[in-house]
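Please keep the sequence and the structure in view while reading the points below.

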Amino acid sequence: MTGGQNPKPTPAPGQWDQQSFSNTALLKTFSIYRCFMFPADSHCDNGYLLYRDFCYHFETETVKSWQDAEDHCTSEQGHLVSFHSEEELSFLTGIVQNSPTGISLWMGGHDAVNEGGWEWTDGSPFRYVRWAEGNPDDYFGEDCLSMYINDGYWNDDVCEYKRGYICKKRGEMLAMALYSEDRTDLMKNIITENTNI
Ligand SMILES: [Ca+2]
Ligand SMILES: [Ca+2]
């Protein structure tokens, strides 16, 4: 049967012609984009190893004084490493023992402000300790903390000695997502209002 199609009705003023609208490119493209930041698993920059929520960098090829090593770590938004548990230290000592740089590595502890009053450069509490036998001995005024590579025990050391070192910084915790929201209804209202003018 032919000729049975009804002519397309003309929408009354202010009414929405859904069929015409749905054919427009406008309808297909009118979306609102929102950007969200949300918590995600920690991750580290290149050259850093992740353990829990922190990233660790083992500098075993170049040596620096304790202060120069700390300055290098802060230039990368971190500090010389601080330790707070046997577990954290155990994670690192296996790596440290492969270090080719001397006998010790710098950590972030010092008692330069108050003799015997040890503190970490990252400001965390200095509670966990793992002193090597006979240390700290402040031998000729040792004020900077190093770790023996072979066993992971700690020594108060001469700050001017040049040693390898370990930097520590918090892992990146945020991920970014782009979210697209279809707001064709919003465009529909705008066009409808304009039609009523
Ligand atoms: Ca000292
Ligand atoms: Ca010592």
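**Contacts, strands and backbone of a predicted model**

Apart from neighbours within four places in sequence, Trp-106 is in contact with Trp-66, Ala-69, Leu-80, Cys-144, Ser-146, Arg-163 and Tyr-165. The model is predicted.

**The nonpolar core**

- The largest nonpolar core consists of 22 residues.
- Trp-106 is among the residues with the most contacts inside this core, together with Leu-80, Val-81, Met-107, Tyr-165 and Ile-166.
- At least two residues of the core come from each of β3 (54–64), α3, β5 (104–110), β7 and β9 (163–170).

**Strand pairing**

- Strand β2, residues 49–51, pairs with β3 in the antiparallel sense, and three bridges join the two.
- Within this pairing, Leu-50 has Cys-55 of β3 as its bridge partner.
- The strands β2 and β3 form a hairpin with two residues between them.
- Arg-52, in the turn of that hairpin, has a positive phi of about 55 degrees.
- β3 also pairs with β9 in the antiparallel sense, over seven bridges.
- In this second pairing, His-57 stands opposite Cys-167 in β9.
- As a general rule, side chains in a regular strand alternate between the two faces of the sheet.

**Backbone exceptions**

- Most residues other than glycine have a negative phi, and most peptide bonds are trans.
- The peptide bond from Asn-135 to Pro-136 is cis, and its omega is near 0 degrees.
- Pro-136 is placed in the loop between β6 (119–120) and β7 (144–148).
- Phe-140 also lies in the loop between β6 and β7, and its phi is positive, near 55 degrees, although the residue is not glycine.
- Gln-77 is another residue other than glycine with a positive phi, near 65 degrees, and Gln-77 lies in the loop between α3 (66–75) and β4 (79–80).

- Are Gln-77 and Phe-140 buried or exposed?
- Gln-77 has 11 other C-beta atoms within 10 Å and is therefore exposed, because a residue counts as exposed when 12 or fewer such atoms lie within that distance.
- Phe-140 has 6 C-beta neighbours inside 10 Å, so Phe-140 also counts as exposed.

How values were computed:
Residues are numbered from 1 along each chain as its sequence is written. Chains are lettered from A and ligands numbered from 1 in the order in which they are written. This is a predicted model: local features need pLDDT of at least 70, side-chain atom pairs count only at pLDDT 80 or more; totals for chains, interfaces and linings use all residues. Helices (H or I, at least four residues) and strands (E, at least two) are DSSP runs, numbered from the N terminus. A residue is buried if 20 or more other C-beta atoms lie within 10 Å of its own, exposed if 12 or fewer, and partly exposed in between; C-beta atoms are placed from the backbone. A nonpolar core is a set of buried Ala, Val, Leu, Ile, Met, Phe, Trp, Tyr and Cys residues joined through C-beta atoms within 7 Å. Two residues are in contact if their C-beta atoms, placed from the backbone, lie within 7 Å. Two strands pair if DSSP finds at least two bridges between them.
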